[in-house]
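Work through the exercises below with the sequence and the 3D view open. Try each task before reading its solution.

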Amino acid sequence: MTPTKLYCDFFGHNYEITKKVTKHVKEYTCKCCKKQLTTDSNGRLIELTPKYQDINSALERVYNNRIMRLKQKSLHSSIC
Ligand SMILES: [Zn+2]
């Protein structure tokens, strides 16, 4: 066991947001041991597994497309 891991076990992980997937879903990384978490569909924090990395990148694509469409729509309506 590394000292960093011991620190996390003792004081708890020191998570920071590393990625905003959607408004509600974010990815977190522990600054000490690099453990990664994400938000699941129920808003709970869970370990960021490869499966959830896939889900998040799909979510991100859908979310960005929607934002882009909304922007185009509002631009269009402001012109008209
Ligand atoms: Zn940690």
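**Exercise 1. The zinc site**

Task: Find which protein atoms are the donors of the zinc ion, and state the geometry of the site.

Solution. 
Step 1. The model is predicted. In it, the zinc ion has four protein donors: SG of Cys8, ND1 of His13, SG of Cys30 and SG of Cys33.
Step 2. The angles among the four donor atoms run from 102 to 112°. Four donors count as tetrahedral if all angles lie between 85 and 135 degrees, so the site of the zinc ion is tetrahedral.
Step 3. Along the chain, the donors follow the spacing C-x4-H-x16-C-x2-C. Two of them, His13 and Cys30, are 17 residues apart and link distant parts of the chain. His13 is in the loop between helix H1 (3–11) and E1, whereas Cys30 is in strand E2.
Step 4. His13 has a relative accessible area of 31% and is partly exposed. Cys30, at 0%, is buried.

**Exercise 2. Order of the elements and overall form**

Task: Give the order of the helices and strands of the protein chain, then compare its radius of gyration with that of a compact globule of 80 residues.

Solution. 
Step 1. The protein chain contains two helices and four strands. Read from the N terminus, the order is α-β-β-β-β-α.
Step 2. A compact globule of 80 residues would have a radius of gyration near 12 Å, whereas the protein chain has 17 Å.
Step 3. The C-alpha trace spans about 65 × 20 × 20 Å along its principal axes.
Step 4. Of the 80 residues, 19% count as buried. The chain exposes about 6400 Å², and carbon and sulfur atoms supply 56% of this area.
Step 5. Take the contacts between residues at least 6 apart in sequence: 21% of these join residues at least 24 apart.

**Exercise 3. Salt bridges**

Task: How many salt bridges does the protein chain have, and which parts of the chain does the bridge of Lys19 and Glu60 tie together?

Solution. 
Step 1. The criterion is a side-chain nitrogen of Lys or Arg within 4 Å of a carboxyl oxygen of Asp or Glu. By this rule there are three salt bridges.
Step 2. One of them joins Lys19 and Glu60, with the closest N and O atoms 3.4 Å apart. Lys19 lies in strand E1 (residues 15–20) and Glu60 in helix H2 (residues 50–79), so this pair ties together parts that are 41 residues apart in sequence. Lys19 is partly exposed at 29% relative accessible area, and Glu60 is partly exposed at 21%.
Step 3. Lys35 forms a salt bridge with Glu47, and here the closest N and O atoms are 3.5 Å apart. Lys35 lies in the loop between strand E2 (26–30) and strand E3 (36–39), and Glu47 in strand E4 (residues 45–47), so the pair ties together parts that are 12 residues apart in sequence. Lys35 is partly exposed, with a relative accessible area of 28%. Glu47 is also partly exposed, at 48%.
Step 4. Asp40 and Arg44 meet through their side chains in a salt bridge of 3.4 Å, N to O. Asp40 counts as buried, with 8% relative accessibility.

**Exercise 4. Lys34: buried or exposed?**

Task: Locate Lys34, describe its phi angle and decide whether the residue is buried or exposed.

Solution. 
Step 1. Lys34 is in the loop between E2 and E3.
Step 2. Its phi is near 65°, a positive value in a residue other than glycine.
Step 3. Exposed means over 50% relative accessible area. Lys34 has 57%, so it counts as exposed.

**Exercise 5. Gln36 and Val62**

Task: Which residues is Gln36 in contact with, leaving aside its neighbours within four places in sequence? Then place Val62 in its element.

Solution. 
Step 1. Gln36 is in strand E3 and is partly exposed, at 29% relative accessibility.
Step 2. Beyond the neighbours within four places in sequence, Gln36 is in contact with Tyr28, Thr29, Ile46, Glu47, Leu48 and Gln53.
Step 3. Gln36 and Ile67 are 31 residues apart in sequence, and their C-alpha atoms are 26 Å apart in space.
Step 4. Val62 is in helix H2 and counts as exposed, at 51% relative accessibility.

Terms used:
Residues are numbered from 1 along each chain as its sequence is written. This is a predicted model: local features need pLDDT of at least 70, side-chain atom pairs count only at pLDDT 80 or more; totals for chains, interfaces and linings use all residues. Side-chain values use heavy atoms; hydrogens and water are left out. Buried means under 20% relative accessible area, exposed over 50%, partly exposed in between (1.4 Å probe, protein chains only). Donors are N, O and S atoms within 2.8 Å of the metal (3.2 Å for Na, K and Ca); water is not among the atoms, so sites may look incomplete. Four donors count as tetrahedral if all angles lie between 85 and 135 degrees; four count as square planar and six as octahedral if opposite donors are over 155 degrees apart and all others between 65 and 115; anything else is irregular. The radius of gyration is taken over C-alpha atoms; the globule rule is 2.2 Å times the number of residues to the power 0.38. Contact means heavy atoms within 4.5 Å. Accessible areas come from the Shrake-Rupley method with a 1.4 Å probe; for residues, only the protein chains shown count as cover.
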